Amino acid sequence: MADNKKNSAADEAAKKALETARKTASKKATKGESSRITQEEFLAATKKNAMPYRIVAIILWLLAIGFEVMAILMFTLKVQFSFTVENPGWTISWLVCLGLDLILVVIGSLLWKKGNHLDPGSKKNKVGFWLRNNFGVIMAALAFIPFIIFALTDKKASKQSKIIAVIAAAAALLIGVLFGIDWNPVSQEEVLASAGIDNVCWTDSGTVYHGYRDCRYIKDKPDTDVNTGNSADSGKTRMCKICEDHAEEVIAAGDADKTDVTEADKTNDDLVIETLADTEAEPDTAA
Ligand SMILES: [Zn+2]
């Protein structure tokens, strides 16, 4: 069952990215170029689709931290209003701040995970993959642990108030962590497989793989020196910066309704598919 869920998430991400990338591809087609979507264009599309979710998630998390700060200020009497001077008002004031903190943390995590499902990380980097998928856990910790520390070390509050504060914040932390974990993470490899797009080329001596056969690092290499296949087969952990930037340009241009991208664009479409050869190391990695 978990597998089905996972596959449907990968399929959905693949479908959305293809829709985005296709807008660009159809423009290429009207120019008489191949309309095939390259892996780099596809990955740039996944990134673009995920961006709004990530931005809103980060804004909500920052607001959550703001409410935590407010809760701390209320609890420690640094900030007081007329209705917080007496007891039910005082307790309610920081409990409400903690509640808002929790709501924002949870919504932020849901959006963050949605962004990851649209633009998943590669499984090749295990630590990076875990951090990216479960970043909400870290945010939940930041949103409640400082409050717990302030509540425990406060000199003025009664023992009873401290107990209420710590229990409430610990419960909120637990809920935040549970929502922060991605129980069914999707990987970039799965989305690429769903989309049927994973064509790259590389040379044995190179440190990166390329999305475009006419990339300047490999265009002069003979086909016999250039391998093609999916990125996992290449044994390289990342793609060449030039190819990556180029793909993003292509996507961005498609979105802005412009068809002119770069000179390279005209030649690149078929490279990935029909040809094969790329060679060499990027300047930054060769050094
Ligand atoms: Zn390249």
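## Helix α2

In this predicted model, helix α2 is followed by Leu-77, a residue with a positive phi, near 65 degrees. Along its course α2 bends by about 40 degrees at Met-51, with a proline, Pro-52, following within four residues.

## Packing of α2 with α5

The axes of α2 and α5 cross at roughly 5 degrees and come within 9 Å; as angles under 35 degrees count as roughly parallel, the two helices are therefore roughly parallel to each other. On the α2 side the residues that meet α5 are Trp-61, Ala-64, Ile-65, Glu-68, Ala-71, Ile-72 and Phe-75, while those of α5 include Met-139, Ala-143, Phe-147 and Phe-150. By class, this contact of α2 with α5 comprises 14 nonpolar residues, no polar ones and one charged residue.

An α-helix has 3.6 residues a turn, so residues three or four places apart point the same way.

From α3 the contact draws on Leu-98, Asp-101, Val-105, Gly-108, Ser-109 and Trp-112, and from α5 on Phe-135, Gly-136, Met-139, Ala-140, Ala-143 and Phe-147. The residues of this contact of α3 with α5 are eight nonpolar, three polar and one charged.

With helix α6 (residues 159–180), α3 (residues 87–118) packs at an angle of about 10 degrees, with 9 Å between the axes, and these two helices are therefore roughly parallel to each other. Among the α3 residues that take part are Trp-94, Leu-98, Asp-101 and Val-105, which belong to a set meeting α6 residues that include Ile-164, Ala-168, Ala-172 and Phe-179. The contact of α3 with α6 divides into 14 nonpolar, five polar and one charged residues.

## Confidence

The average pLDDT of the protein is 82, and 79% of the residues score at least 70. Over residues 255–287, however, pLDDT stays under 50, and for this stretch the model has 84 contacts beyond four places in sequence. Where pLDDT is low, the predicted coordinates should not be read in detail.

Key:
Residues numbered from 1 in each chain as written. Predicted model: local features only at pLDDT ≥ 70, side-chain atom pairs only at ≥ 80, totals over all residues. Bend = angle between axes of the 7 residues up to and from the residue. Axes fitted to C-alpha atoms, helices over the stretch in contact; angles between N-to-C directions. Parallel < 35°, antiparallel > 145°, perpendicular 65-115°, else oblique. Contact = placed C-beta atoms within 7 Å. Nonpolar A, V, L, I, M, F, W, Y, C, P; charged D, E, K, R; others polar. pLDDT = per-residue confidence, 0-100.
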